[in-house]
Amino acid sequence: MEKKRVTLIKGDGIGPEIADAVMEIFDAMELPIVFEEAEAGLQAVEKYGNGAPEQTLEAVRRNKIALKGPTTTPVGGGHKSVNVTIRKSLDLFANMRPAKTLPGIKTRYDNVDLILVRENIEDTYAGIEHWQTPDVAQCLKLVTRPGSLAIARYAFEMARSMGRRRLTCVHKANIHKISDGLFLDSFREVAEDYPDIQSDDILIDNACMQLVSKPEQFDVMVLPNLYGDIVSDLCAGLVGGLGVAPGGNIGVDTAVFEAVHGSAPDIAGRGIANPTAMLLSANLMLYYLGFAESARRIETAMATVLGAGIKTRDLGGSASTQEYTRAIIDALPPLELSGRPAFAPSRGAFAHREVVRERGDWNLQGVDVFVRNEGMPKPPEKVGKLSLHLISNRGTKIYPGPTPDIYLVDHFRLRYRATEPINNDDIFLLLGEIGKKYEWMHIEKLHTIDGVAMYSKAQGE
Ligand code: NAI
């Protein structure tokens, strides 16, 4: 049998210890896998001045599959997160994280068995942030139609390939009506292609409450990036913490499997790290590669060992990384071909289907101009075809009408609208006039589709 080449990134802190544990188990099983090591993290920063060097990205592109240990992201400064770089450079648009109750691990809940699918690229993680004024910082939350359709399709395909029955979209479309609204609409659109899977949706705040009161009610959940980041750690907590939370980052034809936890510098080098999450991630990789039987052997051995109370310290046991690893090897059941279906996380190949859509008549109707000012500005009421429609501060309307008694920051939105068609020249004219009196920070064009506003209203409008 030809061996499968897998890029192995051991990473920082406890990374090498837990990666070695996984390799030891794979070696004992004589799996047809060859690990090719590549560097990322602190070592790579030292050597290449970059935590995720091109050589490493290229190695993953070549093998199309990687197992990754945690990497340290230095806080502050100009350091980009290695993980974010890897996800974005390889277009790993889906992050899947199972949370399943394991035997022998004391948790508040029994029978949790859910899978979280997180959009991995967009949302506030596009990393587009600016200081607008010395007092006001802005982060753009980008949600795209192709991105939302792709993650929804991945979630449905994955639910199907993992033998799941229900998929819940988690969002905040009651507040983020346009961005989360697009995410939810895309989910609903894709759901029509999967009548065999029950689909529904829930607000993120309610989802959190439900998760900590009745987690067993959920099956598969799909979330935008930021909510997914937070809720997946919450789910890890439901089943015993970071030490047992695996994950996979999936792209169109490439996947990187890694534990949810970080490099745990506080316990690195002491031989006490818990390799379970890394091993479960490696297991997801085995399923993905089609080695379901081997993955099941590891699961069975792990269940036996944990059930017998052989656990690392983070789980309340006293076993070292080595002792736990050896115990798993000793508990490996003989290879037997069972008739059970192989539930594997599906690939992402189908995700970017061409979206053909009648988008309607896209018209420029006005512009929001954001200006810096101490106190209420008095911008021109009318410039050319554009008339001042409202002024808001932090999204609350303060003009026209009575000014509410609120604290005003030095960042105002001036909304101008026209009743006849306008173009860029009208906006340049307006900016010229406003610029005579105020420093403007940025603008947002206001569009309509078939007369329907494609922008949000101010609070109080
Ligand atoms: P962390 O996950 O490394 O550690 C949090 C706590 O959990 C620590 O007390 C640690 O000892 C414990 N812990 C985590 N994994 C464990 C394991 N396998 N066995 C036993 N105990 C374990 O999170 P922290 O401290 O916030 O981050 C440390 C570094 O890791 C940072 O530089 C961060 O940027 C990076 N990080 C990397 C990730 C990745 O590469 N996937 C993910 C999260 C953080």
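These notebook entries record what I looked up on the domains and the ligand site of a predicted model.

**Domain layout.** I began with the division of the protein chain. Domain 1 is made of two segments, 1-92 and 241-337. Domain 2 covers 108-238, and domain 3 covers 362-453. I then looked up the spacing of domain 1 and domain 2, whose C-alpha centres lie 25 Å apart. To their contact, domain 1 gives 10 residues and domain 2 gives 10 residues.

**Interface of domain 1 and domain 2.** I next asked how much area is buried between these two domains. The value is about 820 Å², with 54% of it from carbon and sulfur atoms. I looked for salt bridges between domain 1 and domain 2 and found a count of zero. For polar contacts across this interface, I noted five residue pairs, both residues at pLDDT 80 or more. On the side of domain 1 that touches domain 2, the elements giving two or more residues are α4 (82-89) and β11 (248-250). I recorded the residues of that side as five nonpolar, two polar and three charged.

**Ligand site.** Which residues come nearest to the ligand? Out of 20 residues around the ligand, I listed T71, N83, G262, A264 and D266 as the nearest. I then looked up N or O atoms that lie by oxygen atoms of the ligand.

- T71 places a backbone N or O atom 2.8 Å from a ligand oxygen.
- N83 has a side-chain N or O atom at 2.7 Å from an oxygen atom of the ligand.
- D266 also uses its side chain, with an N or O atom 2.9 Å from a ligand oxygen.

Conventions:
Residues numbered from 1 in each chain as written. Predicted model: local features only at pLDDT ≥ 70, side-chain atom pairs only at ≥ 80, totals over all residues. Heavy atoms only, no water. Domains from an automatic or database assignment. Contact = heavy atoms within 4.5 Å. Buried area = accessible area lost by both parts, 1.4 Å probe. Salt bridge = Lys/Arg side-chain N within 4 Å of Asp/Glu carboxyl O. Polar contact = N/O pair within 3.5 Å; in protein donor to acceptor, adjacent residues only side chain to side chain. Helix = DSSP H or I, 4+ residues; strand = E, 2+ residues; numbered from the N terminus. Nonpolar A, V, L, I, M, F, W, Y, C, P; charged D, E, K, R; others polar. Near = heavy atom within 4 Å.
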